Amino acid sequence: MELDKIFLISLIAVILELDSYYIGMFLISQPIIIGGITGYVLGNVNAGIIIGSIVQLIWINNPPVGAFVPPSTTTISFISTVYAVIFLKILSNANQDAIFMFSLLIGIPCGYFVGQMDIWHRKINVKIIHFFENKIKQCKTSYLIIIQLLSIFIKSILNFTLFLLIIILGFSLAEKIYLSLPLQIIRSLTISFWIMPVVGLAVLFNMLYSKEGARLYGILFFPSYIFFFAKDAVNLSFFIILTIVFVFVIFSYIIFKHERATK
Amino acid sequence: MKKVNIFSLLISGLKLNFLQASWNFERLQNIGFLFSIINILKIIYKNNIEGLKVAIKRHIEFFNTHIFFSSAVLGMVSRLEEDIDNSDPEKKSKEIENAKIGVMGPLAAIGDSIFWSAIKPFALLSGIGYTYLMGFSADSLIWGAITSIIIYNLPRIFVKYYLLIESYYNYQKLFFLLQNIRFQHLIKVIKITGMILLSIITAGYLYKKDLNLISLRPIDNFLLIIIFILIIMALKRKTAISSILISIIVLSIIISYIIG
């Protein structure tokens, strides 16, 4: 295990994780980006993108609304990619898809645990604010910056420690578990991984569902399917033009319908 | 003459990126909001330290709204802090708090439905769609990521800074402005466009995928379509995603042992 690289990507993951809720929310923390970066640093971009894209699709419907704390998809993508890439390096003859699924099974609880850690962190924030509140009320406004920085620091240090612990201490245990798995379980991991992208697509379908949308999905799916098999390459311009035309038609239809209803 | 200039407003707008940095279960985004507005309060109460203390006490209380729409509250509150007379601090506090509470809820609801339910999934779908269709390479990742970041951040920046400036200079028209935007239509259009994209991406994925459990690809794809429909049915019944994942793993193990 290359410790310097593990330190580097853990640091990058910690910084990107902050974007998921604490700073900005610019969408640079999306799982496919952290998966890709992790894969790139460890020498297997492909694995990172595959895992990142699946994580992104499955947990796409997890908005941080109000006091709800969703699982950390950045963590799921990061830990799963690290495990997958290292496993593929060590066990070169192993089934790639089974390794991907096995790594996801390690990453998912870690993501949920980071979500739980976020709840503890927000409880700690209450105590920090109470500690400095009187000083702020006395117009010592620099304490506002201190609270903000302290909160970010605590979040970062908790995540960084957890990432290192999971990767450095957990890896040898995970390797032993994987090597002891019977053939049937390894095959079942491949079957599960075969289904994973479809789970993500179904989650998205459910999220975007409307009667008109579902009809259009049905109408467009089969011509697109035939088109992809008829042509040898995916034609992006077709894809874009079709989307623009449909957006225009639907938008006009909705506006027309609305205006007619208001009249 | 207004004390707060556009430069100070923009600095506060930038500081709103840290609105949730010290989110807490007691008063939610209070410190983030105070941190963002403090430079404006210091300008308004430049020679009035007691006024500043009262203003700080006002804004250290509960605050919660959508992060991108919080700029509207910031702009409106800044204007109210500047406009309302300081002779009766209690009345001033009451007026500002009422105005804040009045807009926080609706803005949070609008922001959640526009950004979290429509724009964000659409942006992520576009990025992932690009990567799925163009192949899992570093190049496609970069372009896919750029696509989703642009689709998400353009409306985000526009909404944030437009509302910030508009709510400061025309705060009385804020409700009128929000009522006039056809949010429901916008969300519907984004969702339908997303659905169209999704249908193309699903078809493209079935064409491009490398992993086939059954060597005959049409049958393999047909099986996946059936599983897709079953998962949608489960999701429609409000089944948690974790339960679906566990069921898939258990079923896969059973199938694997049956195959032998």
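Me: Into which domains is chain B divided?
Reply: The model is predicted, so to read it note that local features need pLDDT of at least 70, side-chain atom pairs count only at pLDDT 80 or more, and totals for chains, interfaces and linings use all residues. Residues are numbered from 1 along each chain as its sequence is written, while chains are lettered from A and ligands numbered from 1 in the order in which they are written. Domain bounds come from an automatic or database domain assignment. For chain B they give domain 1 (6–104) and domain 2 (211–260).

Me: How far apart are the C-alpha centres of these two domains of chain B?
Reply: The C-alpha trace of chain B spans about 85 × 35 × 35 Å along its principal axes. Between the C-alpha centres of domain 1 and domain 2 of chain B the distance is 51 Å.

Me: Which helix gives the largest share of the side of chain B that touches chain A?
Reply: Residues are in contact if their C-beta atoms, placed from the backbone, lie within 7 Å. The contact takes 77 residues from chain B and 80 residues from chain A. Elements that give two or more residues on the side of chain B include helix 2 (30–44), helix 5 (89–134) and helix 8 (183–208). The largest share, 19 residues, comes from helix 8 of chain B.

Me: How do helix 7 of chain A and helix 9 of chain B lie, roughly parallel or oblique?
Reply: Axes are lines fitted to C-alpha atoms, for helices over the stretch in contact, and angles run from 0 to 180 degrees between N-to-C directions. Helix 7 (residues 183–208) of chain A packs on helix 9 (residues 217–236) of chain B at about 45 degrees, with the axes 9 Å apart. Angles under 35 degrees count as roughly parallel, over 145 as roughly antiparallel, 65 to 115 as roughly perpendicular and the rest as oblique. That makes helix 7 of chain A and helix 9 of chain B oblique.

Technical notes
Helices (H or I, at least four residues) and strands (E, at least two) are DSSP runs, numbered from the N terminus. Two residues are in contact if their C-beta atoms, placed from the backbone, lie within 7 Å.
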